[in-house]
Amino acid sequence: MVNVWETVMDAMKSMTVQDKDQPLHVGEVMACWIYLAGLELAKVSVQAGLNTTEDDELKAILEEDMKLGISQRKQLHDFMIKEGITLPPAPEDMPISDSNSIPLGVKLTDDVIANELSLKIISLIMKAAGAATESIRTDVGLLFVQFQAEKLAYATRLKHLMRKRGWIKVPPFYVPTGSQQP
């Protein structure tokens, strides 16, 4: 059985090891590149959502994601520049527009905006978790642990809003054969 205390102590010891002078391995470079590319794409979706929705709570959650994205993009951008990693191409910012001027066949519903955002957040959380576990360098691993923790905290608030509004998509419940229905 895993001793949690020993595991925490080992993790703390590994954080004190200075390995920033070691070069990044290809997996760490790829993780940085893909995560930054995901943040750049998510930014455009959030901007489109802000242009589309008239729901104040959804706007607030989208603005919160925008602030978190700006922070994470800056940290990762600066890290990648310092390490000499080529940056992924970033799409142009969306111009601010009036939600009433968007044609109905193009305008996304609040439900779609929230669920699309949720999928992007899930994707980035999973990428950060994978990058953290695959990193050899402590600074890279800690950067992705931080990103994952920030996205998890944000995702909790998004999920609360989605449940409140009935936007959350729940798969069918699994009831094994022979068991009583709930």
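Student: Why does E40 count as buried?

Tutor: In this predicted model, E40 has 12% relative accessibility. Buried means under 20% relative accessible area, so E40 counts as buried.

Student: What makes E40 and K43 a salt bridge?

Tutor: Their side chains meet at 3.4 Å, N to O. The cut-off is within 4 Å, so the pair qualifies. Both residues lie in helix α2, three residues apart, about one turn of the helix.

Student: And what makes R73 and E40 a salt bridge?

Tutor: Here the N to O distance is 3.9 Å, and the limit is again within 4 Å. This pair links distant parts of the chain: R73 sits in helix α3 and E40 in helix α2, 33 residues apart.

Student: Is D93 called buried, exposed or partly exposed, and why?

Tutor: Its relative accessible area is 48%. Buried needs under 20% and exposed over 50%, so D93 falls in between and is partly exposed. D93 also meets K43 in a salt bridge of 2.8 Å, N to O. K43 is in helix α2, while D93 is in the loop between α3 and α4.

Student: What joins E40, K43, R73 and D93 into one network?

Tutor: Salt bridges that share partners do.

Student: How do you know that the length of helix α4 agrees with what it should span?

Tutor: Helix α4 (residues 110–134) has 25 residues, and at 1.5 Å a residue they should span 36 Å. The end C-alpha atoms are 36 Å apart, so the two values agree.

Key: Residues numbered from 1 in each chain as written. Predicted model: local features only at pLDDT ≥ 70, side-chain atom pairs only at ≥ 80, totals over all residues. Heavy atoms only, no water. Helix = DSSP H or I, 4+ residues; strand = E, 2+ residues; numbered from the N terminus. Expected span 1.5 Å × (residues − 1). Buried < 20%, exposed > 50% of the residue type's maximum accessible area, 1.4 Å probe, protein only.
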